[in-house]
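Let's walk through this protein together, one topic at a time. Take a look at the model first, and then read on.

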Amino acid sequence: KTVKMDQAAIARYNRVDVSKTVTAPSLGLTEDLDKLKPYISAVDRSAPTPKDKKLTKSLTSFINNENPQADPEETTLRQKVVSDLSILVNSWVVDTLRKKGVPESEAKLGGKLFVSGSYRLGVDTAKDDIDTICAAPRYIDRNDFFSEEEGGFTYRLRKVPGITHVMPIREAVVPIIEVVWHGTDLDVLFAKIERSEVPPLSQILDDSILKGLDDATTKSINGPRVTELLVKLIPNPSTFALVLRCIRLWAKRRGLYSNKMGFLGGVNWAILVAFVCQLFPTASPARLLQKFFSLYQEWKWPTEIRLCHPYEVEDLDMKQWDPTVDRSEKYHVMPIITPAYPCQNSSYNVSHSTLDIMLEEFKRGKEIVKDICDKPWDENRSSDEWAELFVPNEFFLRFGTYVVVQATAADDDMLHAWVGYIESRIRKLVEVLQRAPLRKIFPFPKKVPYTPIEPKVLETTEDAGKSEAKNSLEGKDDSNDAELESKQEESEPKEGVKIATEKSLEVSQTANAEKMEAETKEAI
């Protein structure tokens, strides 16, 4: 029955005419949210059964134990850090405006700090970073924000007690300053609003705020705009939050949580969960989890996921995701479209290789959750039955061949920036490897510390014979081939050998071992 519902949702979605758009007035969305009705109306509004409620209670118990949110003390600390950063942003903006000679009547209006992502959605843990946007009026630019000289925001951050790490990354697509304040990780973006006063959060969905902004600023300010719109588009916030917490933990455990590596990041997973919530607005979290895996395992990619209809804004002619206009967008393999204007594909990094991996994981999740939900209810059932879904991916045991990218730099700050750049380019390496006859390419989303290990590799009599035969036929030096063969053996996981590589990125590939062995024997 569930499968039929999901197929009906897909069929219904595919009948929607994507070319039709809604025109929103220049007033913006603040007073026109009725234009943002769900792209697809609800498929099923059945009330949860008593069994659904018990399954949800069991799921809630498990996720609270397995991945608890911040405790009251940690929550208070995180709130204080955000509050202190907001005060710091406002005081810096006021001081900078006065220094630039802006009239006092405008200077005292200051700037504002907006938050987005998991912190704003209420699904963060104490270990998650907090996404923030420093919004300043038109008199202040990005140079002031990144300036290391006295008066610059970066300079001011370095002088604040409790801040132990400040890493400006100005060359990124969306320029950012990474900050650690009292142990809390913060990503601080900058947005220059072309007004004398930065509007409050309640008016951030007004599209006119985008007038005159460059591409980087539009991307920055659309972070909180997308998050605020998500909050307004989901039918049941508490259900959405619980399901999203489960999906985030599942994606991290299964090695699927990384936009850089070609998988999905926080906003992508949030949109996917919100879409399922729109289709089944009254379903319990446990059932929504089942429908999540079922729907996306069967989804006809590259059909895009949208939460609301696209629309145009008078006096704004900003580029939006539309494969009928930009033909290159036809090749996006898993489009997940942001709801705020201008709508963009938030998952353009996904490749065919990473999509195949995610589809396998959707199928695995679907089977596990179906077994749990279809079992007759027994009061003696334990919440631990959900544990199988969240078992970590045994990446270092699954494959026969691994490619390691090792990053090296002169100091920690340079290494941090260098590793970040390499991470952003790994998907390009995957694209190149896709041209080779490989069954699967799995870019591991986590960097790990480098630990020099020199495992002792014993050469078998058979291996020695092969090496000698190959050398005699090809006339090569024994020592070179022995070194090469040793490296090949070291690339395979050995029992008792811990595989670890510093600030490195792992990319795995698997090939037909028997075919390779046969070809090697033939060559010898």
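A disulfide is a pair of cysteine sulfur atoms within 2.5 Å. By this rule, how many disulfides are there? The count comes to zero. Take cysteine 343: the closest cysteine sulfur, in cysteine 308, is 8.1 Å from its own sulfur, and that is too far for a bond. Cysteine 343 is also buried, with a relative accessible area of 3%, and cysteine 134 is buried with 0%. Here buried means under 20% relative accessible area (exposed is over 50%, partly exposed in between, with a 1.4 Å probe and protein chains only).

Keep in mind that this is a predicted model, where local features need pLDDT of at least 70 and side-chain atom pairs count only at pLDDT 80 or more, while totals for chains, interfaces and linings use all residues. Residues are numbered from 1 along each chain as its sequence is written, and side-chain values use heavy atoms, leaving out hydrogens and water.

The predictor's confidence in each residue, from 0 to 100, is called pLDDT. Its mean for the protein is 83, and 80% of the residues reach 70 or more. Over residues 1–31, however, pLDDT stays under 50, and over residues 472–521 it is below 50. Where pLDDT is low, the predicted coordinates should not be read in detail.

Now find helix H2 (residues 50–66) and helix H11 (residues 285–298). Helices are DSSP runs (H or I, at least four residues), numbered from the N terminus. The axes of H2 and H11, lines fitted to C-alpha atoms over the stretch in contact, come within 7 Å and cross at roughly 85°. The two helices are therefore roughly perpendicular, a label for angles of 65 to 115 degrees on a scale from 0 to 180 degrees between N-to-C directions. Contact means heavy atoms within 4.5 Å; among the residues making it are Leu55 and Leu59 of H2 and Leu289 of H11.

Technical notes
Parallel < 35°, antiparallel > 145°, perpendicular 65-115°, else oblique.
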